[in-house]
There are 2 protein chains.
Amino acid sequence: MLTRGGCPKNMLSIRDALEALEGKWKLLILFSLSSGPKRFKELSKEVNGITDKILSKELKNLEINKLIKREVYDTFPPAVIYSITPHGMSLEKVMDELHLWGLSHRKKIMGK
Amino acid sequence: MLTRGGCPKNMLSIRDALEALEGKWKLLILFSLSSGPKRFKELSKEVNGITDKILSKELKNLEINKLIKREVYDTFPPAVIYSITPHGMSLEKVMDELHLWGLSHRKKIMGK
């Protein structure tokens, strides 16, 4: 374990990561965008349980952190498309490990 | 990438993981306990910025999720010691990946 031993320097980088990914929605939005660019309404549907207000706030925050890109296409009506950036895709290992751990946690706690 | 493709079943397990680890404190507390069992006051000092009220709440939640163990020793005064469980230690890969990603995110965003 890289982080074994509780070195304060490692805690700082974990803290940075947790601050950028805070809350239960950001990784789910990124996960949804990892399968391809999407419109707001598609994301709203795929990320079950999120309100439009929160989704809008989270998308802005993800854009500031360079994890997603927002593009406006000059169509009628104009289309706004969100896509994951290479920096966002660099979270794939984090998402993989969370996915695997989530599976084992479900078995452990929920007995499913 | 295991989770590539945004499969809804994978999203469920990521959601489970994020719910168990929600907020910016739980992983930091687990990280601190990964170096050894600690008393409340030691944790409070090591997890910089957390209030005693929040720490107490988070510890209860981590115990419910079987990620930590709380033991009371019959000394004068009684000592309460928190330690990480094997299930909590199974988050080591998640913490490792968050640590590595946090480092690269700091470089990307903060230019440090």
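This is a predicted model: local features need pLDDT of at least 70, side-chain atom pairs count only at pLDDT 80 or more; totals for chains, interfaces and linings use all residues.
View 1. The buried residues themselves are Leu55(A), Glu58(A), Leu59(A) and Leu62(A). They lie on the same side of H4(A) because the arc they cover around the axis is only 105°. An α-helix has 3.6 residues a turn, so residues three or four places apart point the same way.

**View 2. The exposed face and the end of helix H4 of chain A.** Lys53(A), Lys57(A), Lys60(A) and Ile64(A) are exposed, on the face of H4(A) turned away from its buried side. H4(A) comprises residues 52-64, 13 residues in number. From first C-alpha to last, H4(A) reaches 18 Å, close to the 18 Å expected at 1.5 Å a residue. After H4(A) comes Lys66(A), with a positive phi near 60°.

**View 3. The antiparallel sheet of chain A.** An open sheet is formed by 3 strands of chain A in the order S1-S3-S2, with antiparallel pairing. Strand S1 (38-39) and strand S2 (68-73) of chain A are the edge strands, each pairing on one side only. S2(A) and strand S3 (residues 79-84) of chain A run antiparallel and are joined by 6 bridges. Opposite Glu71(A) stands Ile81(A), a residue of S3(A).

**View 4. Helix H2 of chain A against the strands.** Helix H2 (residues 26-33) of chain A lies across S1, S2 and S3 of chain A. H2(A) runs at about 100° to S3(A).

Conventions
Residues are numbered from 1 along each chain as its sequence is written. Chains are lettered from A and ligands numbered from 1 in the order in which they are written. Side-chain values use heavy atoms; hydrogens and water are left out. Two strands pair if DSSP finds at least two bridges between them. Helices (H or I, at least four residues) and strands (E, at least two) are DSSP runs, numbered from the N terminus. Contact means heavy atoms within 4.5 Å. Axes are lines fitted to C-alpha atoms, for helices over the stretch in contact, and angles run from 0 to 180 degrees between N-to-C directions. The expected span of a helix is 1.5 Å times one less than its number of residues. Buried means under 20% relative accessible area, exposed over 50%, partly exposed in between (1.4 Å probe, protein chains only). The arc is that of the directions from the helix axis to the C-beta atoms.
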